[in-house]
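Hi there,

Here is the structure I promised to pass on. Have a look at it first, and then read on for what turned up.

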Amino acid sequence: FELQTLRNSLARKWFRYRGDVFTAPIHRIGDVLFTVRKEDGRAGSRVTAHRIDSRNDGQKDGEEIWSTDLGVPAAGKPFVDNVAKEIRVVSSNASLYALNGAAIRDGIIDTPKDQVVSGQLPGVRESLPLSNNQWAFFGRPISDGFLLFDPASTANSLSVVRLDLQDAKPSAMPAPFNEGLLVGSSAGPVYWVDANTGQSKAHPFQPALQPGVEMEWLSPAVTEDGRFAVIADQNGRAYKLTVSQESSPELVASLDVSTEKQLVGPLAVLGESVFATAKDVGTAVMVSFNSADLQVQHEWSLEGEADWGPKRLGDGVLVATDAGKLIRWGTEPQPTWTVPLPYGPLAGEPLLDGDAILFASVSGIIWKVDAQTGEELAKIDVKEPLGTGPVVLGKRLLVCGGDGTVHIVNAFSNE
């Protein structure tokens, strides 16, 4: 604003950033004004320097001099390109960073290797490994678009793919299936799509629907032979899907069963069993179904809600609860082990490393347990809040902090 003393008024000279939230006081040094704000639809905080005078140097009053983002979390755990010898991280603001030896020695990299135009996607926070070293990154809440990383692309390695779901949106995280993605839509149909184009690879599966009711699917799971996928809705109806090639490709249900359970979590397949969490009176339960007929096999109380999982890791299915428990199931009718969650909520997906499972906590601890017994074997205190699960890189571990920092730490000292 310009102060107009004769008129006893303020005249607005320029206006910026409608809808953004300013998170720190405006600060001035000389003829430069500094602002810190959270941009709508983007993660982290953007620090911007503005010119606030009218010198005749080609810059206008209020014009941005520079901007930088701080505290932007990673969209998923780091991944390693062994050919390029680079560590790669995709940020929640859809930028790809490549860390080579020089960047690791310098301790900073502020120029993305690739990025997509701001605003094309909400902040991406969920990652999904695909075939051919591709990765898909989804927003939270999930939308009809996702970020695809394709190292073989001759143009940009990052691109936005729009899912052709006939104006509907995904109602849960998709799952890789037969060189594509299996996506349950809010309108009801389940689609098998090409991850590179978002287009259907077959006629979708159409379940019976109630008028005016939006479908809520759970994240599907794929059987070990890759031929079938199991998907269920919020009312406990489960379907075993496969691709029929009789006339033209079509996604069809070989089984359509009411489980009579109020299912609430993602599905996981282990051997001949399908695992899912369900609501019960005052708590949650883990339920297993026979994958052959989708009939209930076993049911266990979780003594709380599932905070992460169920998820298959190797020859077991793992879940973490908000009651501070880690529980692992194998092929036996009882859990293989139940242990306390010693360092608080998980920061991301655990990692199976040989006969051990590696975990990372939001509080900054990486720890290792025996996959068969749950016994803690070793731990590392990173001394910083963490935002992803760990990745093994030779004799080191990679993990991202909650602010997007990539931590590279030596593996456990007793190895």
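Strand β29 (residues 316–321) and strand β30 (residues 325–329) run antiparallel and are joined by 4 bridges. Among the residues involved, Ala 320 has Leu 326 in β30 as its bridge partner. Strands here are DSSP runs of E with at least two residues, numbered from the N terminus, and two strands pair if DSSP finds at least two bridges between them.

Please keep in mind that this is a predicted model, in which local features need pLDDT of at least 70, side-chain atom pairs count only at pLDDT 80 or more, and totals for chains, interfaces and linings use all residues. Residues are numbered from 1 along each chain as its sequence is written, and side-chain values use heavy atoms, with hydrogens and water left out.

Back to the strands: β29 and β30 belong to an open sheet of 4 strands, in the order β28-β29-β30-β31, with antiparallel pairing. β28 and β31 (335–340) are at the edges with a single partner strand each, so one side of each has no neighbour in the sheet. From one strand to the next, the twist averages 15 degrees (axes are lines fitted to C-alpha atoms, and angles run from 0 to 180 degrees between N-to-C directions).

Ala 94 is not a glycine, yet has a positive phi of about 65 degrees; it sits in the loop between β9 (86–90) and β10 (95–99). Glu 260, also not a glycine, has a positive phi of about 60 degrees and lies in the loop between β22 (250–258) and β23 (262–263). Which of them is buried, and which exposed? Ala 94 is buried at 7% relative accessibility, whereas Glu 260 is exposed at 72% (buried is under 20% relative accessible area, exposed over 50%, with a 1.4 Å probe and protein chains only).

Finally, the whole structure holds 2 cavities of 30 Å³ or more. A cavity is a set of points on a 1 Å grid over the protein atoms alone where a 1.4 Å probe fits but cannot get out, and lining residues have an atom within 4 Å of a point. The second largest cavity has a volume of about 40 Å³, the volume being the space filled by probe spheres set on the points. Its lining includes Val 230, Thr 259, Phe 289 and Leu 294.

Enjoy exploring!

Note on methods:
On a 1 Å grid over the protein atoms alone, a cavity is a set of points where a 1.4 Å probe fits but cannot get out, and a pocket is an open set with protein on both sides within 12 Å along at least five of seven lines; lining residues have an atom within 4 Å of a point.
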